[in-house]
Amino acid sequence: YWRAWERHCKLVPLNEWGQHLPPHNSEDMLLTFAVAVREGQYGLGGQIQVQSVEVALQTVAQKYVLDEHCDPRKASPAQHSLNLPIARLLKKFKDEDPPPQPKLAIPVSTIQKIVTKYNFSPHHSAVADLVLVAFFYLLRVGEYTVSRSSRPKRTIPLRKGDVRLWHKGKLLDHESPLPTLLLADSATISIANTKNGTKGAFVHHDAFGSDICPVAALARRIANLRGMRASTPLSTVCHPPTRITRISDRDVTLAVRWGATYDCLMEKGYTVDRVSSHSLRAGGAMAMKLSG
């Protein structure tokens with residue numbers, strides 16, 4: 001956002017300024033910058049929602065404040081609200097935006113359909129296992145799939161070494177064969193770093209011996225990664241002898257939408273655009289609430 005702001009200020013020849021000095025007409029520049037961000041001129045070219053515009057303006061203002069200048073969005077340091085022109089513009093954007101469409105929680109029956117029927121190939125079976133893990137461990141999609149974007153992110157996806165399988169209180173060796181790993185009666189995952197900055201979060205689950213057991217799903221994922229390093233992402237799928245595929249967020253969304261369709265959720269008022277990978281996290285939380 002700061003690089004975009006620098007480029008935007010240079011569009012006005014009379015607005016030459018030093019690296020750390022706000023322009024004299026900073027409010028006018030902020031207004032035009034907000035419109036440019038809104039229209040996607042500094043992004044992917046499409047219109048974005050008001051929350052992203054607010055973040056862009058806030059980021060630029062924070063840079064100035066950290067450099068010991070005044071917040072260009074406010075006439076006075078003691079002022080709590082934004083200057084009226086900026087506030088009015090953001091209000092206009094907010095009024096134009098469509099209402100938010102939160103993703104819908106999916107029921108346990110949909111998870112069961114995915115786990116038992118979504119087995120068209122070893123890759124699809126691995127996707128089903130990750131769907132099951134995400135549902136019970138309430139994971140965001142970025143916490144168990146590797147992003148296709150080259151931009152660095154705070155979240156570190158689950159790795160082979162982040163999973164611990166237990167049998168009667170003893171830790172199972174990851175290099176054990178699948179029948180041994182399936183004896184696990186509980187499993188612990190450690191999330192190294194999350195989107196909201198939480199580090200080293202541990203989540204533990206006991207096995208309960210059914211088709212939709214998250215411990216068994218983790219055991220199958222670990223068994224598939226035998227011989228791989230501990231830093232190998234859990235979304236890696238090994239196809240003997242040498243082929244490797246990786247599960248993406250798109251794979252998870254396709255599986256969830258397939259499960260919702262197969263479970264006839266569309267006949268119960270669901271729509272495809274409101275079902276995605278986030279429905280797993282919402283569905284797991286709702287299942288916990290309904291179970292008391």
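Q: Is Ser190 buried or exposed, and what is its relative accessible area?
A: Ser190 is buried, because its relative accessible area is 11%. Buried means under 20% relative accessible area, exposed means over 50%, and partly exposed is in between, with a 1.4 Å probe and protein chains only.

Q: What kind of model is this?
A: This is a predicted model, where local features need pLDDT of at least 70, side-chain atom pairs count only at pLDDT 80 or more, and totals for chains, interfaces and linings use all residues. Residues are numbered from 1 along each chain as its sequence is written, and side-chain values use heavy atoms, with hydrogens and water left out.

Q: Where is Ser190 placed?
A: Ser190 is in strand S3, residues 186-193. Strands (E, at least two residues) and helices (H or I, at least four) are DSSP runs, numbered from the N terminus.

Q: Which residues is Ser190 in contact with, leaving aside neighbours within four places in sequence?
A: Leu158, Asp162, Arg164, Gly200, Ala201 and Phe202. Contact means heavy atoms within 4.5 Å.

Q: On to S5. Which residues sit on each side of strand S5?
A: Thr236 and Cys238 are on one side of S5 (residues 236-239), and Val237 and His239 are on the other. All of them are buried, so both faces are covered. In a regular strand, side chains alternate between the two faces of the sheet.

Q: In what sense do S5 and S6 pair?
A: Antiparallel, over 4 bridges, with S6 covering residues 243-246. Two strands pair if DSSP finds at least two bridges between them. S5 and S6 form a hairpin, with 3 residues between them.

Q: What stands opposite Val237?
A: Thr245, in S6.

Q: How many disulfides does the structure hold?
A: It holds 0. A disulfide is a pair of cysteine sulfur atoms within 2.5 Å. As for cysteines, Cys238 is buried at 16% relative accessible area, and Cys264 is partly exposed at 35%.

Q: Now the rings. How many aromatic pairs are there?
A: The structure holds 9. Rings of Phe, Tyr and Trp (its six-membered ring) pair if their centres lie within 6.5 Å; planes under 30 degrees apart count as stacked, over 60 as edge-to-face and the rest as tilted.

Q: How are the rings of Trp2 and Tyr64 set?
A: Their centres are 5.2 Å apart and their planes are at 75°, so the pair is edge-to-face. The pair links distant parts of the chain: Trp2 is in helix H1 (residues 2-9) and Tyr64 in helix H3, 62 residues apart. Trp2 counts as buried at 17% relative accessibility, and Tyr64 counts as buried at 0%.

Q: What about Phe120 and Trp258?
A: That pair is edge-to-face, because the centres are 5.7 Å apart and the planes are at 85°. Phe120 lies in the loop between helix H5 (108-117) and helix H6 (122-137), and Trp258 lies in helix H9 (residues 249-262), so the pair ties together parts 138 residues apart in sequence. Phe120 is exposed at 52%, while Trp258 is partly exposed at 23%.

Q: Which residues form one aromatic cluster?
A: Tyr118, Phe120, Trp258 and Tyr262.

Q: What lies over the face of Trp2?
A: Lys63, at 5.5 Å from the ring centre. A charge sits over a ring if NZ of Lys or CZ of Arg is within 6 Å of the ring centre and within 35 degrees of the ring normal.
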